[in-house]
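My notes follow in the order I looked things up.

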Amino acid sequence: MLINFPYIERDSPIHRLDTRAKLLFLLALGLAVAQTSNFWFMLVALILASIYYGLAHLKWSETRKAWLLIFWINIVIVLGNFFLTGGHVVRGADLTQEHILTYFPFIGFTAHAPFIGPAMLPLSVENITFLITQAMRNFSIALVAISLPYTTNPSHISSAIKGLGIPDSIAYAVDLTFRFLPTVGRDFSTTMDAQRARGFELDKLRGGPFGKIARMAPLVVPLVIGSIIGAEDIINAMELRCFGVTKRTWLIELRARSLDRILIALIIAAFLAITILNILGGYYPDSIIHFMHIQGIPTFLTR
Amino acid sequence: MSIATNALQLPGAGNVSFRPAIVIPLLFAALFGPWVGFFAGGVGNLLGDWLSGSGVWWNWDLGNGLIGLITGLVVYYTLGRYLKRKNIIFAEVFAILGIVVGIGFASITDIWVSKLSFSAAVIGDFIPSAASDLINGLILLPILLIAYTAAVRRSGR
């Protein structure tokens, strides 16, 4: 089995961006958009994430597989959430008066046996806005999350983790995990070929779910045990070379440019500002800073 | 391993593969303790998502890390040795606990991260993922523990 990292070497602003800035941006964006269900806030986040993704210069043919999965998951999350809540989907926003457009027949949960039966699902301005906001939230995170593996050299990950203040031992373990993959891939192919020669076919396993899993043992056992024994050899070699006794140096040293430092500072400042606004907005419901606690539906839609 | 076995789908549950790779953090946790389990689960999930190009999803990485962390607590009882049947049963019990808490964490944080309702998080996230992990973990973990014990005995390590 050939293991390929999705990284694509290209000269784009996002490829040149410091890996620490990319990791921080993803984390900050994910935590910021989780704090609100305001339509306009989410639209700004989606636009920012789209610009970021656009700057990565990734082609549809390169990321198609990941995007199809994300589209499918997003549809399942948004629509599944709507139907499973019986249309009462709006969360994280003040909902004092709902503007119902229509009801349509569906099935829903009931308080008595068989606990499921016909129910009318409300379609309102609020829940439609919520569904759109939820989709925008998921897509804005996905735009940054998907671009990360395609624009970040895998050999920079451990240096970036070290650069974020994580101890050497953990950063080096992550580095080893990435380096160990081709070896595991080669062992997988060797084991698979050896078992095929004995009549084992992974895609032709018989039996139900339990039987199929149990019949995977001839592949899983030698692969896992072989990997552990191989890892123990690496540990012994590292101990022989006194790993962990003194401070490590790294072959690849990430050097942040002025632009990277400014971006990192901006990301942290923006995230802190959003979090403070969210907290303060909860205490001042009549103030403008309460905007993160409302849906922000345009008034002409609710007339 | 997760890439190679993605073709095997659970009957009835949409887009949920068998995930036999979940046994890796369970095994490492049961043999080497909670921190190794946490690392194997968290970084393993991160790497799986990274390789498939589907991005980085911190709450699921952390949830998988928790699976390893909680399963690894069993070493305080078994000391990482599985010569007795009782120890293997204990490892299975901690694996169940780890999967329920870890997948539970990832699913429940989706209520905040993706603004899911509780029922959607349970029915859409928790049940298919936890069921798949429990089936795989509980079948493959004892097989691997026995195989590892035999390999250690043979190699004299």
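**Entry 1: two helices in chain A**

I began with a residue list: from α2(A), A:Arg20, A:Ala21, A:Leu24, A:Phe25, A:Ala28, A:Leu31 and A:Ala32 meet A:Asp260, A:Leu263, A:Ile264, A:Ile267, A:Phe271 and A:Ile274 of α10(A). I count two residues as in contact if their C-beta atoms, placed from the backbone, lie within 7 Å. By class I get eleven nonpolar, no polar and two charged residues in the contact of α2(A) with α10(A). For the classes, Ala, Val, Leu, Ile, Met, Phe, Trp, Tyr, Cys and Pro are nonpolar, Asp, Glu, Lys and Arg are charged, and the others, Gly among them, are polar.

Before going on, I noted what I am looking at: this is a predicted model, where local features need pLDDT of at least 70, side-chain atom pairs count only at pLDDT 80 or more, and totals for chains, interfaces and linings use all residues. Residues are numbered from 1 along each chain as its sequence is written, while chains are lettered from A and ligands numbered from 1 in the order in which they are written.

Helices (H or I, at least four residues) and strands (E, at least two) are DSSP runs, numbered from the N terminus. Next I looked up the geometry: the axes of α2(A) (residues 19-33) and α10(A) (residues 258-283) come within 10 Å and cross at roughly 15 degrees. That makes α2(A) roughly parallel to α10(A). The axes are lines fitted to C-alpha atoms, for helices over the stretch in contact, with angles from 0 to 180 degrees between N-to-C directions. Under 35 degrees counts as roughly parallel, over 145 as roughly antiparallel, 65 to 115 as roughly perpendicular and the rest as oblique. The crossing of α2(A) and α10(A) is left-handed; left-handed means the near helix is turned anticlockwise from the far one by less than a right angle, and right-handed means clockwise.

**Entry 2: chain B**

I found six helices and zero strands in chain B. Of its 157 residues, 54% are buried. Buried means 20 or more other C-beta atoms within 10 Å of a residue's own, exposed means 12 or fewer, and partly exposed is in between, with C-beta atoms placed from the backbone.

How close do the axes of α3(B) and α5(B) come, and at what angle do they cross? They come within 7 Å and cross at roughly 160 degrees, α3(B) being residues 58-72. That makes α3(B) roughly antiparallel to α5(B). Their crossing is right-handed, and the contact has 14 nonpolar, eight polar and one charged residues.

I also checked α1(B): nine of its ten residues are buried, so it is largely enclosed by the rest of the structure. Among the buried ones are B:Val23, B:Pro25 and B:Phe28. B:Gly33 follows α1(B) and has a positive phi, near 105 degrees.

On confidence, I noted a mean pLDDT of 81 for chain B, with 84% of its residues at 70 or more. Residues 6-16 of chain B are below 50, although this stretch has 17 contacts in the model beyond near neighbours in sequence. pLDDT is the predictor's confidence in each residue, from 0 to 100.

**Entry 3: where the chains touch**

I get 41 residues of chain B in contact with 52 residues of chain A. On the chain B side, α1 (23-32), α2 (34-52), α5 (85-113) and α6 (118-155) each give two or more residues. α6(B) gives the most, with 13 residues. The side of chain B that touches chain A has 30 nonpolar, nine polar and two charged residues. The predictor gives the complex an ipTM of 0.72 and a pTM of 0.78.

A:Met292 sits in the loop between α10 and α11 (299-302) of chain A. A:Met292 is buried, with 22 other C-beta atoms within 10 Å. Beyond its neighbours within four places in sequence, its contacts include A:Gln35, A:Phe41 and A:Leu277.

Then I went after phi values. Most residues other than glycine have a negative phi. A:His57, not a glycine, has a positive phi of about 55 degrees; A:His57 is partly exposed, with 17 other C-beta atoms within 10 Å. A:Cys242 has a positive phi too, near 60 degrees, and is exposed, with 8 other C-beta atoms within 10 Å.
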